[in-house]
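Hi there,

Here is the structure I promised to pass on to you.

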Amino acid sequence: MEQLSRGEWIDIGGRRLRGVRAGPWAERPGEGPLVVLECGAFGCSADWHEVQQGLARLGVRSLAYDRAGLGFSDPGPEPRDARAIADDLEGLLDRIADPSPLILAGHSMAGLFLRVLAPRVRPRLKGVVLVDAVLPEVVDHPLAARWIGGFRQAMFLLDRVADLGVMGPWSLVAGDRIGLPPPVSREKRRIYASASHARASAREVQQWLESAEQGRREGPFDPDLPVAVITAGESRLPPDLRALQDSPARASRAGFSDRVEGADHANLLGPRHAGRVIRGVQHILEISSAR
């Protein structure tokens with residue numbers, strides 16, 4: 001995957017991460033908050049295309065990226081836990097040298113990573129948007145713990161067989177459940193079919209328990225930090241897990257919660273529902289401008 005379809009390579013010290021910028025970077029460099037978008041397990045920057053386009057139409061700058069080993073990015077040092085991922089994202093932010101205030105948004109498993117990253121950037125952090133996100137505390141729930149255990153075991157197997165081409169046929173079925181426009185959907189499916197992307201994704205999932213523990217050691221988000229929680233209405237989570245998922249919004253003094261009926265875990269980022277995710281970002285922007 002040496003030919004970039006979108007975005008740019010950004011060197012973070014001998015390794016490159018693919019970043020995709022959207023919004024008025026050239027016209028208003030360093031002006032207004034920068035929304036940094038973190039994808040979920042097996043994801044890449046393409047997942048955020050519809051959200052980025054919507055934010056750009058509002059004049060809001062955003063940066064999505066491929067984590068180390070995912071998509072078009074170079075591999076990173078093992079283990080691929082939340083601490084390593086936060087280290088890389090800090091390096092990426094340092095490299096682009098943009099001093100703007102930050103809004104962090106994370107989908108799915110990225111909820112683990114944002115809990116580690118948020119304290120590191122707290123002086124410039126204006127808020128967090130959790131999009132059907134996983135929290136570190138979910139590992140205490142028996143049902144979730146069994147699901148996570150099974151998922152991790154499957155990822156140890158995938159790590160061993162990824163080079164056999166198993167992801168190619170599967171990408172035709174599961175490569176784009178978001179509903180991206182054709183050029184970006186083709187990019188997403190191509191990435192999903194890649195053995196290197198599958199291995200790197202599997203190794204992140206293998207580190208789920210350690211990433212969760214790292215997030216728990218950081219503690220919950222600062223209650224003074226605005227937090228928007230956007231969840232999928234079609235999710236079959238039991239009520240206590242739904243309540244846990246929503247808890248960061250309730251704990252925030254400027255929390256916002258939105259359950260999107262008709263949305264599932266993937267298409268919540270797609271063209272039909274991306275506006276609801278953007279509304280979560282707007283909540284942070286409104287709180288920030290009022291302070």
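Below is what turned up in the sheet and among the aromatic side chains.

Please keep in mind that this is a predicted model.

Let's start with the sheet, which is open and has 8 strands in the order S1-S2-S4-S3-S5-S6-S7-S8, with mixed pairing. Strands S1 (8-11) and S8 (256-260) are at its edges with a single partner strand each, so one side of each has no neighbour in the sheet. From one strand to the next, the twist averages 25 degrees. Helix H3 (residues 110-120) packs on this sheet and touches S3, S5 and S6, with its direction at about 155 degrees to that of S5.

At the S1 end, S1 and S2 pair in the antiparallel sense over 4 bridges, and aspartate 11 stands opposite arginine 16 in S2. Their hairpin has 4 residues between the strands, and glycine 13 takes a positive phi near 115 degrees there. Arginine 16 also lies over the face of tryptophan 9, 3.9 Å from the ring centre.

Now for the rings: the whole structure holds 4 aromatic pairs. One of them joins phenylalanine 42 and tyrosine 192, with centres 6.2 Å apart and planes at 50 degrees, so this pair is tilted. These two residues are 150 residues apart in the chain, and both are buried. Tryptophan 147 and tryptophan 208 have their planes at 75 degrees and their centres 5.9 Å apart, so they are edge-to-face. Tryptophan 147 is exposed at 54% relative accessible area, whereas tryptophan 208 is buried at 3%. Together with Phe151, they form one aromatic cluster.

Conventions. Residues are numbered from 1 along each chain as its sequence is written. This is a predicted model: local features need pLDDT of at least 70, side-chain atom pairs count only at pLDDT 80 or more; totals for chains, interfaces and linings use all residues. Side-chain values use heavy atoms; hydrogens and water are left out. Two strands pair if DSSP finds at least two bridges between them. Axes are lines fitted to C-alpha atoms, for helices over the stretch in contact, and angles run from 0 to 180 degrees between N-to-C directions. Contact means heavy atoms within 4.5 Å. Rings of Phe, Tyr and Trp (its six-membered ring) pair if their centres lie within 6.5 Å; planes under 30 degrees apart count as stacked, over 60 as edge-to-face and the rest as tilted. Buried means under 20% relative accessible area, exposed over 50%, partly exposed in between (1.4 Å probe, protein chains only). A charge sits over a ring if NZ of Lys or CZ of Arg is within 6 Å of the ring centre and within 35 degrees of the ring normal.
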